[in-house]
Amino acid sequence: MNHAAVIGCQWGDEGKGKVVDFLSDNFEAVVRYGGGDNAGHTVVVNDRKYVFHLLPSAMLHSDKLCLIGNGVVINLKILWKELETLEKAGVARAKLFLSEKCHLILPRHIKEDKKKGGKIGTTCRGIGPTYTDAVARRGVRLLDLENKKSFRPQKYLEYYRWLKKNPLVRIGNCSVLLDELQIQKKRILFEGAQGTLLDISHGTYPFVTSSHPTVGGIYIGTGFRPRKLEVMGVVKAYTTRVGKGPFPTEIKGKLGTYLREKGGEYGATTGRPRRCGWLDLPILRYAKLINGLDSLTITKLDILTGLDQIKVCTGYRLDSKVQRIFPANLAVLRRIKPIYQSFPGWQEDISQVKNFEQLPKEAKKYLKAIEKETQLKIKLIGVGPERRQMIRWQS
Ligand code: IMP
């Protein structure tokens, strides 16, 4: 297949940035299709860490074209800052194409989010209020700045003019460009932000973001014509969530704190501590059916090293019945009891392991159990933050 998508299967923070950066060698274009700078995609190359909030995670590849589709909401100040940071770092960087139809996050949106986002535990980046304005047909799009001589905030016009003058940036119709790329037989990778359970339609509503991180968001958020994509689901070897809302396999107490500290589980955007828990298979089965997943990538397997026992939730008990799929009703979610299967842990350092066969037998057993339960092949396994700390397993 020529085109692929990297989709978060949990509540975001699955390590999609690293996976996109790793895969980008196989693609000519990388496209963000939803969310905004609430995302924090981390790429580590030669001990240097880059966090992309708005820019696609292939920005460090100078031979790539990075696109921001119309489904993304843009804070021009953040965009300017991210581009400036790359320029100052002196690293080679990709060309950037912005959809003229992107809605703009304005200071009033951020102000409103800071005032009202607490109930959900939003990132306070103005995401919800911007999408609200878009749906209410009173938003401001990038193309609206074209004819403006003055605009409150005036600074945004300056950022816009700066972008237009930047030789590595183009603003235009994203769907037309994607069409041209397909005619030229270029390979396109779509980069999901957030995760399946944060989707406004399919997630743990109302504890969700205001966009569509699931695969359907690609078509709406870019104008890419419906095609079969290879859909790669990204899953952390355990589960995390930042912000409020249900989390059936959450681990409270010492073990939860251990995972948070060992995994560096603090929001890449807000610095907030993430809630941690065991891997939840009903969530993965749900992500598979919503997104039509073709494979899985497991990240941060190295964080589980050193545990005596690792648990996996295989289903939920609801009264006397067993449920295998994540339910939508929050009242039901409060009543379910996770059913756990325990696996022996491993003590060996796996961070330098290069292939599946070299992994400790307990780790292999853990991964094979995930494959069996989800009926999905695991293609990549992350064993550390660096680009090279990735094992290719099944092709
Ligand atoms: P918002 O997207 O800022 O409106 O936040 C809504 C919910 O989505 C909150 O629970 C956030 O913590 C969560 N969220 C938004 N973006 C991300 C992300 O990139 N990773 C993890 N959680 C996120």
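Helices and strands here are DSSP runs, numbered from the N terminus. The model is predicted.

**View 1. Gln194 in the loop between β10 and α7.** Gln194 is not a glycine, yet its phi is positive, at about 55 degrees. Its loop links β10 (188-191) and α7 (216-222), and Pro206 lies there too. The peptide bond from Tyr205 to Pro206 is cis. Omega is near 5 degrees for that bond.

View 2. Pro153 sits in the loop between α4 (127-135) and α5.

**View 3. Helix α2 crossing helix α5.** Helix α2 covers residues 76-89, and helix α5 covers residues 154-165. Their axes come within 9 Å and cross at roughly 45 degrees. The crossing is left-handed. On the α2 side, the contact includes Leu76, Trp80 and Glu87. On the α5 side, Tyr156, Tyr159, Tyr160, Trp162 and Leu163 take part. Which kinds of residue make up the contact of α2 with α5? Nine are nonpolar, three are charged and none is polar.

**View 4. Residues around the ligand.** The ligand is surrounded by 15 residues. The closest are Asn38, Thr123, Thr209, Val242 and Arg272. A polar side-chain atom of Thr123 lies 2.6 Å from a ligand oxygen atom. For Asn38, an N or O atom in the side chain is 2.9 Å from an oxygen atom of the ligand. Gly121 uses its backbone: an N or O atom there lies 3.4 Å from a ligand oxygen atom.

Key
Residues numbered from 1 in each chain as written. Predicted model: local features only at pLDDT ≥ 70, side-chain atom pairs only at ≥ 80, totals over all residues. Heavy atoms only, no water. Axes fitted to C-alpha atoms, helices over the stretch in contact; angles between N-to-C directions. Helix = DSSP H or I, 4+ residues; strand = E, 2+ residues; numbered from the N terminus. Left-handed = near helix turned anticlockwise from the far one by under 90°. Contact = heavy atoms within 4.5 Å. Nonpolar A, V, L, I, M, F, W, Y, C, P; charged D, E, K, R; others polar. Near = heavy atom within 4 Å. Polar contact = N/O pair within 3.5 Å; in protein donor to acceptor, adjacent residues only side chain to side chain.
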